[in-house]
Amino acid sequence: MLSQAPVTTMLPVRNLQRAREFYEHCLGLGPGELRPDGKVVYRCGGARLALFPKEEGTKAEHTAVSFEVSDIAASVRELEAHGVRFEDYDLPGLKTTDHVCVLGAEKAAWFKDTEGNYLCLHEDLS
């Protein structure tokens, strides 16, 4: 029923202007479209990403958005050059090397946006 419906990921942000700076200048999205209801919508590949003001922000401790890239190492380097700070992990079953972890059929690297949302890069290995 919804297999052909466009998808929009909704991310809460405490400070919309600060978040826009990050998404547009550090991640290279945009410019975002400001909607009458106050949210900003970006087109990413075939999907949309919407930032919406929410005073308390987010509390999620999981990946909210994952961007598929063809070369994760190069993408990590490029984003670091634009000020993105990647997370590093050394846990049982989850260890990063140069910010990247191999998880079965994909590689992944995580970072947070200015509002505390967990974002991810992933490269499909299959």
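**Reading the model**

Analyst: His99 is found in the loop between β7 and β8; helices (H or I, at least four residues) and strands (E, at least two) are DSSP runs, numbered from the N terminus. This is a predicted model, in which local features need pLDDT of at least 70 and side-chain atom pairs count only at pLDDT 80 or more, while totals for chains, interfaces and linings use all residues. Residues are numbered from 1 along each chain as its sequence is written, and side-chain values use heavy atoms, without hydrogens and water.

User: What is the phi of His99?

Analyst: Most residues other than glycine have a negative phi, and most peptide bonds are trans. His99, which is not a glycine, has a positive phi of about 75 degrees. Asp98 lies in the loop between β7 (94–95) and β8 (101–103), and its phi is also positive, near 55 degrees.

User: Is Asp98 buried or exposed, and why?

Analyst: Asp98 counts as exposed because its relative accessibility is 68%. The classes are buried (under 20% relative accessible area), exposed (over 50%) and partly exposed (in between), with a 1.4 Å probe and protein chains only. His99 has a relative accessibility of 18% and therefore counts as buried.

User: Where is Glu80 placed, and which residues does it contact beyond its neighbours within four places in sequence?

Analyst: Glu80 sits in helix α2 and, at 35% relative accessibility, counts as partly exposed. Leaving aside those neighbours, Glu80 is in contact (heavy atoms within 4.5 Å) with Phe86 and His99.

User: In what order do the four strands of the open sheet lie?

Analyst: Strands of a sheet pair through backbone hydrogen bonds, either parallel or antiparallel. Here four strands form an open sheet in the order β1-β4-β3-β2, with mixed pairing; two strands pair if DSSP finds at least two bridges between them. The edge strands, β1 and β2 (33–34), each pair on one side only. β1 and β4 run parallel and are joined by six bridges.

User: How many residues are in the largest nonpolar core?

Analyst: The largest nonpolar core has 27 residues, of which Tyr23, Leu27, Phe111 and Leu121 touch the most other members. Such a core is a set of buried Ala, Val, Leu, Ile, Met, Phe, Trp, Tyr and Cys residues joined through side-chain atoms within 4.5 Å. Two or more residues of this core come from each of β1 (8–13), α1 (16–26), β3 (40–44), β4 (47–53), β5 (63–68), α2 (72–81), β9 (106–112) and β10 (118–124). The most come from α1, which gives five residues.

User: Which residues does Leu121 touch, not counting those up to four places away in sequence?

Analyst: With those set aside, Leu121 touches Ser66, Phe67, Val69, Ile72, Ser75, Val76, Leu79, Phe86, Lys107, Ala108, Ala109 and Phe111.
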